[in-house]
Structure formats: structure tokens, C-alpha cells
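Today I am opening the notebook on charged side-chain pairs. Have the model at hand and follow along with me.

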Amino acid sequence: MSATENSPSFPFLVQTNDPNVENNLYPFVFLYPDGNLFVFANNCAILFDYSKNQVFKTYPTMPGGQPRNYPSTGSVVLLPLRIKKGVAESAEVLVLGGGGGGGKGAFANANNGRFDGALDTCGRIRISDPNPQWVMETMPLARVMGDMLLLPNGQVLIINGASAGVAGWELGRNPVLSPVTYRPYNQIGSRFEVQKPSTKPRVYHSTAVLLRDGRVLVGGSNPHDKYVFTNVLYPTELSLEAFSPSYLDPSTSSSRPRILSPKTKTKIRYGKQIVTYTIN
């Protein structure tokens, strides 16, 4: 920030703060197609014009009132945009899980040794609608501290996390070992599918990233303030795993799209034209 700039005012974070607990740290933020920012904190959301430091739109509070941000850490994803004639005609956000099963007191309860169950609900909202409303769904597995990412087939992968407690040092319990896929274009009631489980607990400070071959690299987990490998419930985890979604099943290889050109490992130099891909 330069000497001529002023610190921005963002009262939304004051409004969404639960005293002595917070529940609004690490807000979920997405760039909206018009250049504004969608910001979700605790259980509330706004569309924010950062260039003018103004709230452009206020969305309804997520039903149920449970917190979804740290330390009651849920997860979120911007669903694939629907493009029509080069314009994003609709945008939807999915907010999932969290440690609010015990209400706004889940963090305090966990610090006192009572680990409330995580939330098994998720909310979906079309943020581009003139009168947007939350649509609530129930997941097959409750989850806090989970990770979500978009898959190449438009589905959402939900992975890692715990089914009790909250985020923070030593505050999560009962790891969720089974990933879940979410199919956003199916009807409600047929969107979730539980996948084969891992054997490694991945709770606080775990992560997942999509690889270019379609697999998902999964790693991390450290619910301690240092690296601790012995005599604890969930040791620091330094290993990596690769999760292969169902579209990588060899029996479906003939039906998967293939990049015909450019050839593998083609290099694009800085300032050169982006390559157009030909897909079969």
C-alpha cells in the first residue's frame, strides 16, 4: 500500500464476528464475472465492489444459522460457470459442512474436551439471480476441515477432514476417510456418491490439488503447533496419496476425451499466442 492510499474499511467482518469465537476468519472469496467479489463469512454473504469499497449486494443468511468459517471450518467451491454466447449467464456457489454442529459454541466446547459433531448440511445459491435463495441439501457424511475442488467432468470432489470438533490445534476428532463426489447437475437426492476410503487420517492442515492427468494429489495433516510423529492421536502426516476418480477407470478409457494437438510437452514461450487444443 502506498503512502497516498488509505486502509480499506470492511465492516462486513465486524458484523459477522461471533464474540470470543469469531467464526468468520479466512472468509471464502470468489471473483464474480462482473469484477466484483463474492465474500462469505460465518453464515452471511455479500457481493463487494472493492474498487469503490462498497457492498453491491447482500445475500440471504444461510439457513440454520450455523457458522461455516474458521474455527468452524467448512469448505466452498464456485461451481462451473454457465457460458452463453461468451457471457457467464449464471454463477452458483456451494458451501459445505463445518464445525457448527454444536452451534456457535463448538469451538469453546472443543477446547473443553467436548467435540460436537460436524455439520452434514450444505447450501447452494445462484449468486447471479436477481432474488437469490439458498437451497439446502444433506450430505452422506458430516465433515469439518474438508477440501473441495472441481474435477474435469464438472463434478466436485469433497475430501479430507473430520466428523467432529473444529479447526485448530488438537481440536478435531473422528477423521472422515471416504471422499465424496457431488454431481451438481443431478436432481437433489442423487447428487452425492461416497468413494473408496483412504487409510490415512487427514485433518487440520491437509490439502488436495488436481493434477493434469486427472488424478487428485492429497497430502498433509498436522493438528499440532509443531511436527509431532509419536504419542499423539493424529501424528503429523508428511505422505502424499493420489486419488483416481471414476473417470480414470480403464474400462472407460475409450469414451474419455483425448487431446490430439498440440503434442505432449509442447512449449509455449512468453508473449506467444496461446495454443488452441484439438480434442477428440
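My entries on the salt bridges follow.

**Ground rules.** I worked on a predicted model, where local features need pLDDT of at least 70, side-chain atom pairs count only at pLDDT 80 or more, and totals for chains, interfaces and linings use all residues. Residues are numbered from 1 along each chain as its sequence is written, and side-chain values use heavy atoms, with hydrogens and water left out.

**Count.** I took a salt bridge as a side-chain nitrogen of Lys or Arg within 4 Å of a carboxyl oxygen of Asp or Glu. That rule gave me ten salt bridges.

**Glu92 and its partners.** I looked up Arg82 with Glu92 and found a salt bridge at 3.7 Å, N to O. Arg82 sits in strand E6 (residues 82-84) and Glu92 in strand E8 (residues 92-96), ten residues apart, so I noted a link between distant parts of the chain. Strands here are DSSP runs of at least two residues, numbered from the N terminus.

I then checked Glu92 with Arg126, where the closest N and O atoms are 3.7 Å apart. This pair also links distant parts of the chain, as Arg126 lies in strand E9 (residues 121-126), 34 residues from Glu92.

**Accessibility.** I used relative accessible area with a 1.4 Å probe and protein chains only: buried is under 20%, exposed over 50%, partly exposed in between. Glu92 is buried at 10%, while Arg82 is partly exposed at 30% and Arg126 is partly exposed at 29%.

**Asp213 and Arg215.** I found their closest N and O atoms 2.8 Å apart, in a salt bridge. Asp213 is partly exposed at 41%, and Arg215 is partly exposed at 33%.

**Network.** Lastly, I noted that salt bridges with shared partners join Arg82, Glu92, Arg124 and Arg126 into one network.

Note on methods:
Helices (H or I, at least four residues) and strands (E, at least two) are DSSP runs, numbered from the N terminus.
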